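My entries follow in the order I made them.

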Amino acid sequence: MTDHSTPRSVLRNDGPAGKTRVTNMELFFDLVYVFTIVQLSHYLIEHETWLGALQAATLFAAVWWAWNYTAWATNWLDPDHPGGRLLMVVLMACALMMAVAMPGAFTARAGLFVGAYVAMGLIRAGYMALAFGNQQMGRNYAQLCAWSAISGLFWIAGVFLPGMRLPLWIIAVVIDYGAPYINFWLPGPGGTPMHTWTLKGLHLLERNQQVFIISLGESILLLGGLLVGKELGAGIVVAAAIGFLLIVSLWWIYFVHVTETAEHRFQHEADHTRLARAGLAYAHGIMVCGAIVTAVAIEMIVARPVEAIHAPVALIAAAGPSIFLLGSTIFHRTMAQRMPLSYVVAIAALVCWSLLALTLHLNGIWLGAGLLAVMLTLARTGRAVLTRPRCPA
């Protein structure tokens, strides 16, 4: 009989070759991110400046990394074990506090945002280190915990130095995102090579698919909420139809182009950890960011469909789908080992059309229609060159 009182009992029992299923507890945890992504979108809508965009990007970086590291932890942790459930509930509460603090993260609620984020990182890594004990993964998580503490110093310093808050938090983000690339190296213990993180890629891919669906759902929430309070004239209806089809195009490109390539690669590649780090932790985060910015662009277009666009609308409209396609390009380069030139051409077309629309003082409908034409063309034709990844010999 297995002794479930030992710390190791909280770990999943399936072997390295077994399929790790996504549990209801993981889906429950993701519910917080429905609210979090809405908060991010509202922050960007309310701060239509370069400074506001940089602040929103910093907040997104923290939010994404908190979710990403939790998704990685549940690759080994059993969320249906009582101890696993308790950890997930605690992390869920921290994520909720981050979302609540977000509107005032650079002002009155900086302490709440940072406290929740730093606590989330230390609790998660510390718990996993104890769960693995003296195994290699225990050492890995102990060193991750140390790096979370190092970045935490800069997050906390930003709370007490308001004038330096943004640069200090950007440094903290660089530390958080850069640590895996130097294998969480510390003087004495050295590094933790990526091959020692025995990851099951298909489980993590499914988790990333779920959070991307949440980001698209936020687009639907913004669009629907705006239409509820508007008089449905011809301009609003046309703009809303364009916005809806833009959301569909992102879904199509992601689930038809992107994930089929990833599923094939994970099934035929032994080193899941290397693929997951570049393709999911980093590239996938860029795709989710692009979906969020696209939602903001749709809201701006639908809010004033027949008025001449201004620079913030044109810039955000070009940025949203372009960021998404940039992430998709990096993802394909990782998973399929080829550069999808059609995506690069599409990014150039999106930027050129947005600048042209701004120069010609076109209205939101024309701006959205051009973006939609580019995305639908890519959705229809882009898959032809991305049918199968080029697996190494």
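**Entry 1: the largest cavity**

I began with the lining of the largest cavity, to which α2 (50-73), α5 (136-160) and α9 each supply at least two residues. I was working on a predicted model. α2 provides the largest share of that lining, four residues. I read the volume next: about 110 Å³ of space lies in the largest cavity. Its lining has 13 residues, and Tyr 69, Trp 72, Pro 180, Phe 184 and Met 194 are the closest to its centre. I sorted the lining by class and got 11 nonpolar, one polar and one charged residues. How many cavities of 30 Å³ or more are there? I counted four.

**Entry 2: the second largest cavity**

I moved to the second largest cavity, with a volume of about 90 Å³. Its lining also came out at 13 residues, and the closest to its centre are Tyr 117, Gly 121, Arg 124, Ser 148 and Asp 176. Which elements give two or more residues to this lining? I found α2, α4 (110-132) and α5. α4 gives the most, with six residues. By class, I noted seven nonpolar, four polar and two charged residues in the lining of the second largest cavity.

**Entry 3: the largest pocket**

Then I turned to open space. The largest pocket holds about 690 Å³. I listed 27 lining residues, with Ala 53, Ala 57, Cys 289, Val 293 and Ile 323 nearest the centre of the pocket. Four helices each supply at least two residues of this lining: α1 (24-46), α2, α9 and α10 (311-335). Which of them has the largest share? I found that α2 does, with eight residues. The lining of the largest pocket divides into 22 nonpolar, four polar and one charged.

**Entry 4: helix α2**

α2 kept turning up, and I checked the helix itself. α2 has 24 residues. From its first C-alpha to its last I read 35 Å, close to the 34 Å expected at 1.5 Å a residue. Is α2 mostly covered or mostly open? I found it mostly covered, with 19 of its 24 residues buried.

**Entry 5: the nonpolar core**

I looked up the largest nonpolar core and found 130 residues in it. Phe 113, Tyr 141 and Trp 155 have the most contacts inside this core. Helix α9 (residues 272-303) gives the most to the core, with 20 residues.

What does Tyr 141 touch, leaving out residues up to four places away in sequence? I listed Trp 72, Ala 73, Trp 76, Ala 125, Met 128, Ala 129, Phe 132 and Trp 197. Trp 72 I had already met among the residues closest to the centre of the largest cavity.

**Entry 6: Thr 294**

Why does Thr 294 count as buried? I read a relative accessible area of 3% for Thr 294, so it counts as buried, the limit being under 20%. Beyond residues up to four places away in sequence, Thr 294 touches Leu 250, Gly 320 and Pro 321.

**Closing note**

α2 has the largest share in the lining of the largest cavity and in that of the largest pocket. In the second largest cavity, the most comes from α4.

How values were computed: Residues are numbered from 1 along each chain as its sequence is written. This is a predicted model: local features need pLDDT of at least 70, side-chain atom pairs count only at pLDDT 80 or more; totals for chains, interfaces and linings use all residues. Side-chain values use heavy atoms; hydrogens and water are left out. A nonpolar core is a set of buried Ala, Val, Leu, Ile, Met, Phe, Trp, Tyr and Cys residues joined through side-chain atoms within 4.5 Å. Buried means under 20% relative accessible area, exposed over 50%, partly exposed in between (1.4 Å probe, protein chains only). Contact means heavy atoms within 4.5 Å. On a 1 Å grid over the protein atoms alone, a cavity is a set of points where a 1.4 Å probe fits but cannot get out, and a pocket is an open set with protein on both sides within 12 Å along at least five of seven lines; lining residues have an atom within 4 Å of a point. Grid points are joined across faces, edges and corners, and a volume is the space filled by probe spheres set on the points. Ala, Val, Leu, Ile, Met, Phe, Trp, Tyr, Cys and Pro count as nonpolar, Asp, Glu, Lys and Arg as charged, and the others, Gly among them, as polar. The expected span of a helix is 1.5 Å times one less than its number of residues.
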